[in-house]
Amino acid sequence: MDKAQATDAKARKPAKNGERKIAEQLATPTDLQKNDVTGVAEALNGLVADAFVLYLKTKNFHWHVSGPNFRDYHKLLDEQAEDIFDSIDPLAERVRKLGAKTLRSLDEILRMKSLDENSADFVPPSAMITELLEDNRAMAEAMRKAHKVCDEAEDVASASLLENYIDATEKRIWFLFETSRSAERSGH
């Protein structure tokens, strides 16, 4: 191991005081109570984990969709994946603004997620839409629960951020719901 690698390893290794020392180094001042910060950070980190899972699932379906509605579904899923991805950084940064730690690895994401992944070799387009519709509904529900945690902590900034993401999630739900509907005999 060269000198740079040894320095890197030392920097990653917790100090003798362990987690407390690291927490002190990362603690951003806030007027929120410590237990409130912990609750908000936990709720937001759960949303970040689920957003990563939902993003990858949406991109997976975007890449593997097939059939007569390919172009429309391909574009819809790409737009929705981008929307989901755009929520991740602001949510994670909100956790850091509160002086808490956010997710640092795929392993943490997989431990904290509540949504199921889908690595099936083939998923019919209608099943893709239905699965994403249910996942987005679950995401909206989790966001509402997180919003309550933020309200109880009087964390208006996190609550405000979530309000915008709830609205965006409801738009995805709307589009997925309409896409999932069968055409009537009239073509509508």
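Predicted model: local features only at pLDDT ≥ 70, side-chain atom pairs only at ≥ 80, totals over all residues.
Local features are drawn where pLDDT is at least 70, side-chain atom pairs count only at pLDDT 80 or more, and totals for chains, interfaces and linings use all residues. Residues are numbered from 1 along each chain as its sequence is written, and side-chain values use heavy atoms, leaving out hydrogens and water.

**View 1. Helices H3 and H6 packed against each other.** The axes of H3 (residues 34-64) and H6 (residues 125-152) come within 10 Å and cross at roughly 165 degrees. Helices here are DSSP runs of H or I with at least four residues, numbered from the N terminus; axes are lines fitted to C-alpha atoms over the stretch in contact, with angles from 0 to 180 degrees between N-to-C directions. H3 is therefore roughly antiparallel to H6 (over 145 degrees). Residues in contact (heavy atoms within 4.5 Å) include Leu47, Leu54 and Phe61 of H3 and Leu132, Met139 and Val149 of H6.

**View 2. Lys57, a charged residue (Asp, Glu, Lys and Arg count as charged) in H3.** With 3% relative accessibility, Lys57 counts as buried (under 20% relative accessible area, 1.4 Å probe, protein chains only). The Lys57 side chain reaches the backbone oxygen of Asp116 at 2.7 Å. Leaving aside residues up to four places away in sequence, Lys57 also touches Glu117, Asn118, Glu131, Leu132 and Asp135.

**View 3. Glu154 in the loop between H6 and H7 (156-180).** Most residues other than glycine have a negative phi. Glu154, not a glycine, has a positive phi of about 60 degrees. At 66% relative accessible area, Glu154 is exposed (over 50%).

How values were computed: Helix = DSSP H or I, 4+ residues; strand = E, 2+ residues; numbered from the N terminus. Parallel < 35°, antiparallel > 145°, perpendicular 65-115°, else oblique. Polar contact = N/O pair within 3.5 Å; in protein donor to acceptor, adjacent residues only side chain to side chain.
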